[in-house]
Amino acid sequence: MFVYSPPVLWALLIFIFSSQQLLPSVEFSALDFVLKKTAHIFVYAVLYLLLFRTVNKSLTRQRASKLKNNSRLLYLPILICLVYAVSDEIHQYFVPGRFATLRDVGFDMLGVGIAFLKKYKYI
């Protein structure tokens, strides 16, 4: 049961930040944009890595070897991150002062992609 705690707590942290009506910002708008989008990339890269670890540890060795052959194990954390990113943007739509954008889902998935590539030593 403990193996599920890190990604759940990290997702809760993302939820708390996206519930904020006003996020801290920098006066220079270009720098503010870069910092906020870098935060999107970072938090979803971490979420992917935590989910990957959870999926690996929660499956038995026998089931994991079968799933690795089917590549499902690789894609499950990515799919969970995508669903969570979309649900997070829907959540932000209902928070006063916040906006839901497909662009943010793209930055979230960029973080997932970077973590995936780093995990498998492509970068």
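**Exercise 1.** Identify the residues through which H2 meets H5, and classify them.

Solution. Contact means heavy atoms within 4.5 Å. On the H2 side the residues are Phe33, Lys37, His40, Ile41, Tyr44, Ala45, Tyr48, Leu49 and Phe52; they meet Arg103, Asp104, Phe107, Asp108, Leu110, Gly111, Val112, Ile114, Ala115, Phe116 and Lys119 in H5. By class, this contact has 13 nonpolar, two polar and five charged residues (Ala, Val, Leu, Ile, Met, Phe, Trp, Tyr, Cys and Pro count as nonpolar, Asp, Glu, Lys and Arg as charged, and the others, Gly among them, as polar).

The model is predicted: local features need pLDDT of at least 70, side-chain atom pairs count only at pLDDT 80 or more, and totals for chains, interfaces and linings use all residues. Residues are numbered from 1 along each chain as its sequence is written, and side-chain values use heavy atoms, with hydrogens and water left out.

**Exercise 2.** Determine how H2 and H5 are oriented to each other.

Solution. The axes of H2 and H5 are 7 Å apart, and the packing angle is about 50°. H2 and H5 are therefore oblique to each other (angles under 35 degrees count as roughly parallel, over 145 as roughly antiparallel, 65 to 115 as roughly perpendicular and the rest as oblique). The crossing of H2 past H5 is right-handed.

**Exercise 3.** Carry out the corresponding analysis for H1 and H2.

Solution. Helix H1 (residues 5-18) and helix H2 (residues 29-58) have axes that come within 9 Å and cross at roughly 160°. H1 and H2 are therefore roughly antiparallel to each other. H1 passes H2 in a left-handed crossing. In H1, Pro6, Pro7, Trp10, Ala11 and Ile14 take part, and their partners in H2 include Phe42, Leu47 and Leu51. The classes in this contact are 12 nonpolar, one polar and one charged.

**Exercise 4.** State which helix gives the most to the lining of the second largest pocket.

Solution. About 160 Å³ of space lies in this pocket. Its lining includes Tyr4, Pro7, Ala11, Leu51, Ile80 and Tyr84. H1, H2 and H4 each supply at least two residues of that lining, and H2 gives the most, with five. By class, the lining has nine nonpolar, two polar and no charged residues.

Notes: Axes are lines fitted to C-alpha atoms, for helices over the stretch in contact, and angles run from 0 to 180 degrees between N-to-C directions. Helices (H or I, at least four residues) and strands (E, at least two) are DSSP runs, numbered from the N terminus. A crossing is left-handed if the near helix is turned anticlockwise from the far one by less than a right angle, and right-handed if clockwise. On a 1 Å grid over the protein atoms alone, a cavity is a set of points where a 1.4 Å probe fits but cannot get out, and a pocket is an open set with protein on both sides within 12 Å along at least five of seven lines; lining residues have an atom within 4 Å of a point. Grid points are joined across faces, edges and corners, and a volume is the space filled by probe spheres set on the points.
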